[in-house]
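Subject: Structure handover

Hello,

Please find the structure below. My notes on it follow.

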Amino acid sequence: EQSGQVVVINTYTGAQRIWRGGSLAGGYNFFRVASLSWTGGLRELAVLGEWCRAVDPNPGGEGCPRWERRAQLRAINPGGPGGGSVLDGRLLLRQAPRTYLAQALVSPDGSFITAMVLRGKIVGNPQISGSFPANLSVEQVSAATGRQLGVIYRRYLGDTSSESGPMSDPLTLIADATGSHVILNGGICNLHCSNEFNGWLDSGRLVPLQPAGFAHDEAAEAW
């Protein structure tokens, strides 16, 4: 598997600009894109990138151990000449120590970030070890200061030994046009995949959406 990249295509001319991950200090040079969102009055593209230094020949993404992974949210100018490295973009949010920054979206006006953060121990079962920290929270953070504005949802994931469906990311956030309302989708699950979830957040609760339950197979959702 090769590192990911962001390709910006001019819809009039077909010309392409490519943004690659670059390398973080410490040998974090395998890159993939976790989420994209428009911000700054739709003039900037916010890229949540994941960098891995796993020595596994097929690293990356959810296969990258938590202690071998770094994540940053950077804003790039997609119309800029020549592309470049995502790391040249404006830093909006950095994964904090002892956390797993799974998703991060910036509001269209650029004022706040909605982030999905995992914390705590990794829980598995006697047959298969878990893959993700068990405590999930969806938080809103000031894009200007990095200060937490509030936690809008919490969930205990429990056993995360399996994944279901064709999703490239087993945990996803999908925002509406205002950035204020989000869909939360969980395709990580226990041994029998009985703890998946899919819904939109309303006043701290998850309102279920279809499909939900065992082995949902949607590849993407949108408002």
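Two strands are taken as paired if DSSP finds at least two bridges between them. Strands (E, at least two residues) are DSSP runs, numbered from the N terminus. This is a predicted model, in which local features need pLDDT of at least 70 and side-chain atom pairs count only at pLDDT 80 or more, while totals for chains, interfaces and linings use all residues. Residues are numbered from 1 along each chain as its sequence is written, and side-chain values use heavy atoms, with hydrogens and water left out.

Strand β9 (residues 112-122) pairs with β10 (residues 133-142) in the antiparallel sense over nine bridges. Within that pair, V117 stands opposite S137 of β10. Both strands belong to an open antiparallel sheet of four, ordered β8-β9-β10-β11. Its edges are β8 (100-106) and β11 (148-156), each pairing on one side only.

β16 (residues 197-202) and β17 (residues 205-208) are also antiparallel, over four bridges, with L206 in β17 as the bridge partner of L201. They form a hairpin with two residues between them, and S203 in the turn has a positive phi of about 55°.

R74 lies in strand β5 (residues 69-76). R74 is buried (under 20% relative accessible area, 1.4 Å probe, protein chains only). R74 has no salt bridge (a side-chain nitrogen of Lys or Arg within 4 Å of a carboxyl oxygen of Asp or Glu); the nearest side chain of opposite charge, D88, is 7.1 Å away. The R74 side chain does reach the backbone oxygen of L87 at 3.1 Å.

Regards

Key. Buried < 20%, exposed > 50% of the residue type's maximum accessible area, 1.4 Å probe, protein only. Lys, Arg positive; Asp, Glu negative; His and termini not counted. Polar contact = N/O pair within 3.5 Å; in protein donor to acceptor, adjacent residues only side chain to side chain.
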